[in-house]
Amino acid sequence: MSDFEKALLEKAEEAEKIIQGFLPKEEGYQKLVIEAMNYSILAGGKRIRPVLMMETYRAFGGEDLSVVAPFMAAIEMIHNYSLVHDDLPAMDNDEYRRGRKTTHVVYGPGMATLAGDGLLNLAYETAIKSFLINANLDSYDGDVADRRVKALQILAEKAGIYGMVGGQCADICAEGKSEATLEELLFIHENKTAAMLESSMMIGAILAGADSKAVSEIEKAASKIGIAFQIQDDILDVTGDEKELGKPIGSDEKNEKTTYVSLNGIEASKEEVKKLSDEACDILRMTKKSEEFLIPLVLWMISRNK
C-alpha cells in the first residue's frame, strides 16, 4: 500500500466516523426501513464525496470539522440513496454492489425504495444540524450571504432536477437510443455524476471561507473531475475486473446505454480522462494546500481500477 493509499484510508475512516455519528437507531415501528438504510450506507467504499468535501474545506483553511461534518454525512446519504434506487429492478437491476447483495435483493424492492427515500430526507435533516453549531462564519459575497444557507442551497440543487436527478432522467431516456449524441452524454455525466462532486467541493470551500470567485473555479474543476470520473467508470465497465470492482461489468452494454466509450472508443476515452484531470488540477493549484492531499486524491479517483 502506497503512502497515498494509507492516507486515503485514514481520511475515509475519519469520514466514516462522522457519517456513523449521524445514522438513526434501528428501533420503533420504522425499524425495518432504518435497517435497510443503514445496510445501504454501511456497505463500505472510500467515502469519496465526504472526503472531497473535508479536504477542500481544509485546503481553503477550514479547521473546525464540526461545521462541515453534517454536510459530509448528508452528501454520503444522498449518494447512497441514489445507488439504492439505481440498483432497483426498474432501473439497472443490479444484484451486487461493493461485493455484497444490493439493498433490494436483501429487503425487497418496496423497502429498498423506502430506504432510498429515507436516506434522501435524512440528508437534509442532517445538513440542517450545521446551523446548530456555534461557529462564526463571515458573510459570503455571493447571492446568499449566509454561508450555511448557501451550502444547503447547493446541496439541494445539485441533487435535484437541475443536477443528479436531471442527469438520471436523461440517462434513462438515452437507454437503447442509438442516435444519442455526445452533447446528451456530456449532459448526463455533468449532472448524474459531476453535480454531486461539485456539491462536495463547493460546500467545503464555502464553509471554509472561500469567496464566490474561488467557489466558481472549484465548480469548474469539480465538473471536469466528475466527467473524467464517469468516463473512467465507463472504461472500467468494459475493461475492469468484476471481482476487483465488486459489481458486475458489462452492465452498460446489457442495458443498451450509450457511453463515452461506445461513442469514442477506449483510447480516445483514456486521452479525454487525462486532459480533463490535467485541467482540473491546474485549477486546484490556486490554493497551495491542495497539493498536500486534494490533488493526489483527484488523480487517484480518475486513474482508479475499481
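**Burial and aromatic contacts**

Student: Is S199 buried or exposed?
Tutor: This is a predicted model, in which local features need pLDDT of at least 70, side-chain atom pairs count only at pLDDT 80 or more, and totals for chains, interfaces and linings use all residues. Residues are numbered from 1 along each chain as its sequence is written, and side-chain values use heavy atoms, with hydrogens and water left out. Buried means under 20% relative accessible area, exposed over 50% and partly exposed in between, with a 1.4 Å probe and protein chains only. S199 has 0% relative accessibility, so the residue counts as buried.

Student: How are the planes of F4 and F293 arranged in their aromatic pair?
Tutor: Rings of Phe, Tyr and Trp (its six-membered ring) pair if their centres lie within 6.5 Å, and planes under 30 degrees apart count as stacked, over 60 as edge-to-face and the rest as tilted. For F4 and F293 the centres are 5.3 Å apart and the planes 25 degrees apart, and the pair is stacked.

Student: Why is the pair of F4 and W300 classed as it is?
Tutor: The ring centres of F4 and W300 are 6.3 Å apart, and because their planes stand at 45 degrees, the pair is tilted. F4, F293 and W300 form one aromatic cluster. W300 counts as buried at 19% relative accessibility, and F4 is buried at 18%. The class of the pair of F4 and W300 is therefore tilted.
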